[in-house]
Amino acid sequence: MKIPWWRDAVVYEIYVRSFADASGDGVGDLPGIRGRLPYLADLGVDAIWLTPFYRSPMADGGYDVADYRDVDPLFGTLADFDALVADAHTHGLRVIVDIVPNHSSSEHPWFRAALRGENRDRYVFRDSGDLPPNNWQSTFGGPAWTRTPDGQWYLHLFAPEQPDFNWRDPRVHAEFLDVLRFWLDRGVDGFRIDVAMGLYKAEGLPDAPATDQAFKGESPIWGRPEVHEVYRRWREVLDSYPGERMAIGEVWTDSAEDLARYVRPDELHQSFNFAWLEAPWSATAFRKVIDDTLADMTAPTWVLSNHDVVRHVTRYGEGLPNSTTGLARARAALLAMLALPGSAYLYQGEELGLPEVRDLPAEARQDPIFARSGGTLPGRDGCRVPLPWSGQEQPYGFAPEGTAPWLPQPVEWTALSAERQADDPGSTLSFYRQALRARRGLRGALPDGLTWLESEEDALFFRRGALTCVVNCGVEAVPLPPHDHVVIGSAPVEGHLLPPDTAAWLHTP
Ligand code: NOJ
């Protein structure tokens, strides 16, 4: 039976500002991406997800949109976008774009009008004297309310430059349905929905329990039941287009069951499974996430890194004496992820084994989290450093020679450039290519679910048809289950033992 493309797709997230800069201003752009499509096709991914490239003052790297129907000059033009989509399709790559419905930029014409006192109902404004209307905190630190010169307060769950829309106003609905159509008409294959569990806030805007800041539990801010109606309407629009257009929600919640509510048959096609990304390096933790996910999700997804979290090479190596352990585990986690039923989302640079950049100078940091926390939180710039493509020094082929990238690149990245790794069979890039090729080779041949095989407590062994995936999260080598040959290992697997911090795919007739 033919399944829709997105169900088992490998999607590559492009953080547009940091992927490739063709214009020479130090910021990645759409023509830059277009020039690197052969690399992505060769890597073996099925689709790309582009983070916001719309007109924006960049208070939050483009997640503050001032015009949902245009490309910011920093990134190119609409013609560049059309050319990128056409070329991506020629390379067999689908294109997913980001949509930001919870909030706009404070430079959006609607918000500018609201500040002039016109049509304020499209945002969340309240009278409340000298104190904010409730205790809600911004995700980026500080109160979620800012006072306007005329005395009213407006809500922003993120930076003050990102006012929240009022989804109880029908004009907001109509606007976003139209924005979806605008990009669907231009040929996009899907949408990634920013803060998909936001949008509606509880009537009366009651105080929130302290736990709310972590997107957990029963909340007046997140995951309100009304939001599902929005996605039902969006699904109708997506379904009215030919070619299996899809949507994936960015939903932070503490249960797979709650997550599953966003992917009911008439709502979103997928939602990110952040439990996988949040799990520590532990066979028990991984097994629980896998079991919960497969029990609750009809269209499972897996993700290890993105532009908001510490890169997983660094997460897995945190506090360990051996500096290579993080990378070994990251490679093993990739094999585990690619063996699971469903689709996998990769983040640019993970195929190069990039670590988080921890020592960015304060003056280089641009994430609003850094400034809003008074410099006490590093923010997310460390996973957003522009990619090293080639050469011996900055900008490593990310931009034309002599250009300073918007965030400085570490000198150690000379050894990690795509060019350096391309012809080295032992490199992380070569490993990703082989793993993605092997996965393609198995497409359509594996059953939907998986069977656990008995293993040591610190190991995971699961089987899907002829594929057995083994992962060793412990400190001792473990004996391999019966198999006829090793298809691929995250590190060399010789004899009948699987070393620690290693995974492998075994062919089992
Ligand atoms: C989630 C995005 O991934 C993140 O980068 C952004 O800051 C917030 N949503 C607000 O839009």
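Which helix is the place of Q421 in? The legends below start there; the model is a predicted one.

**Figure 1. Q421 in helix α13.** Helix α13 covers residues 418-422, and Q421 lies in this helix. Buried or exposed? Q421 has a relative accessible area of 5%. The cut-off for buried is under 20%, so Q421 counts as buried. Its side chain reaches the backbone oxygen of L352 at 3.0 Å.

**Figure 2. The open sheet β6-β8-β7.** Three strands make up this sheet, and their pairing is antiparallel. Its edge strands are β6 (125-126) and β7 (145-147), each of which pairs on one side only. β8 spans residues 153-155 and pairs with β7 over three bridges, in the antiparallel sense. In this view, T146 has Y154 of β8 as its bridge partner.

**Figure 3. The eight-strand parallel sheet.** This open sheet runs in the order β11-β10-β9-β5-β2-β1-β13-β12, with parallel pairing. β11 (270-271) and β12 (301-303) are the edge strands; each pairs on one side only. β12 pairs with β13 (residues 343-347) in the parallel sense, over three bridges. T301 stands opposite S343 of β13.

Figure 4. β12 and β13 share three bridges. Helix α3 (residues 78-90) packs on the sheet and touches β2 (47-50) and β5 (94-99). The direction of α3 makes about 140 degrees with that of β5. Helix α11 (residues 325-339) packs on the sheet too, touching β1 (10-14), β12 and β13. For α11, the angle with the direction of β13 is about 150 degrees.

Figure 5. F81 sits in helix α3 and W183 in helix α5 (residues 170-185), so the pair ties together parts 102 residues apart in sequence. Both residues, F81 and W183, are buried. One aromatic cluster includes Y68, W110, F111, Y123 and F125. Y154 belongs to this cluster, and Y154 is also the bridge partner of T146.

**Figure 6. Arginines over rings.** The charged end of R36 sits over the ring of W389, 4.0 Å from the ring centre. R365 places its charged end over the ring of F370, 5.7 Å from the centre of that ring.

Terms used: Residues numbered from 1 in each chain as written. Predicted model: local features only at pLDDT ≥ 70, side-chain atom pairs only at ≥ 80, totals over all residues. Heavy atoms only, no water. Helix = DSSP H or I, 4+ residues; strand = E, 2+ residues; numbered from the N terminus. Buried < 20%, exposed > 50% of the residue type's maximum accessible area, 1.4 Å probe, protein only. Polar contact = N/O pair within 3.5 Å; in protein donor to acceptor, adjacent residues only side chain to side chain. Pairing = 2+ DSSP bridges. Contact = heavy atoms within 4.5 Å. Axes fitted to C-alpha atoms, helices over the stretch in contact; angles between N-to-C directions. Phe/Tyr/Trp six-rings, centres within 6.5 Å; stacked < 30°, edge-to-face > 60°. Lys NZ or Arg CZ within 6 Å of the ring centre and 35° of its normal.
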